[in-house]
Amino acid sequence: MAIRNYFHDSRAPRYSVLFAFPLLIAYEVSAFLLSGSTGTGVRNGADVLLKSLFALLGGHRGLFIFEVLLVGIGIWVVARDWKAHRGSLRPAWFALMLAESVVLAVLVGIVVGQLTVAILPRLAVVQGPGSLDTATQLMISLGAGIYEELLFRVILVGSLAWSARRFFDWSPNASGVFAAVLGAFIFSAFHYVGAYGDPLRLDSFTFRMIAGLVFSGLYLTRGFGITAWTHALYDVLVTLS
């Protein structure tokens, strides 16, 4: 019964969103500390993309407004779920969620790697050395967890699934598969765009598309918080390996 309650509760916003907040704070603080005296520096690409309109309209004030809106929406979602469940919260669940995320981060690398090799048996995924220092790469890894999951799973996959149901009258399952596959393709392609984008390779593109499908599956089954931490920890392990 306790295990079933854990898997049910850990997906709920009062756990999932609260669990993701430390990841957001860790990323923003590390990005700030690494930005230098000019206040500018490298950031995760999904972070830049999400904040671009706010930065264009309001500069630094626009970026501040984005952060306030993001945190405000998170607090509202948590408060609504908290009220619906009469304030029930088990702190021990957060420790289990972190342990689960660590295990899942290791499994993601193994599963996605094996699937890529199965699809492309004559190719090996090559992760080239990064052009950034380790501290910056670790900061970007944290940002990948929070902002790439927010952009590509919550916003993109959610919007694609809703559009398929609304405009094509597809079933929830068909809409979900369509959204996951197209979202994974866009997620993979995103890593090859911009000044810090990787050289386009079939093996790494396939690897990242499969990873996008896996993260979409995690998001649908385990919620945003665990998916965000799994993604961030996986990227951290890759950076340190």
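Before I start, a note on classes: Ala, Val, Leu, Ile, Met, Phe, Trp, Tyr, Cys and Pro count as nonpolar, Asp, Glu, Lys and Arg as charged, and the others, Gly among them, as polar.

**Ground rules.** I am looking at a predicted model, where local features need pLDDT of at least 70, side-chain atom pairs count only at pLDDT 80 or more, and totals for chains, interfaces and linings use all residues. Residues are numbered from 1 along each chain as its sequence is written, and side-chain values use heavy atoms, with hydrogens and water left out.

I looked up the second largest pocket and found about 700 Å³ of space in it. A pocket here is an open set of points on a 1 Å grid over the protein atoms alone, where a 1.4 Å probe fits, with protein on both sides within 12 Å along at least five of seven lines; lining residues have an atom within 4 Å of a point. The volume is the space filled by probe spheres set on the points, which are joined across faces, edges and corners. I noted 24 lining residues, with Val-17, Val-77, Leu-150, Val-154 and Phe-224 nearest the centre. The lining divides into 19 nonpolar residues, four polar and one charged. Helices are DSSP runs (H or I, at least four residues), numbered from the N terminus. Which helix gives the most to the lining? I found that α3 does, with eight residues.

Next I went to Ile-146, in helix α5. Ile-146 counts as buried, at 6% relative accessibility; buried means under 20% relative accessible area, exposed over 50% and partly exposed in between, with a 1.4 Å probe and protein chains only. Beyond residues up to four places away in sequence, Ile-146 touches Ala-20, Leu-23, Leu-24, Tyr-27 and Phe-224; contact means heavy atoms within 4.5 Å. The C-alpha atoms of Ile-146 and Phe-224 are separated by 8.9 Å, although the two are 78 residues apart along the chain.

Rings of Phe, Tyr and Trp (its six-membered ring) pair if their centres lie within 6.5 Å; planes under 30 degrees apart are stacked, over 60 edge-to-face and the rest tilted. Phe-66 sits in α3 and Tyr-147 in α5, so the pair ties together parts that are 81 residues apart in sequence. Both Phe-66 and Tyr-147 are buried. Ring pairs also link these two with Tyr-27 and Phe-54 in a cluster.

Last, I checked the loop between α5 and α6 (172-190), where Asp-169 is placed. Asp-169 is exposed, with a relative accessible area of 69%. I also noted its positive phi of about 55°, although Asp-169 is not a glycine.

Terms used:
Helix = DSSP H or I, 4+ residues; strand = E, 2+ residues; numbered from the N terminus.
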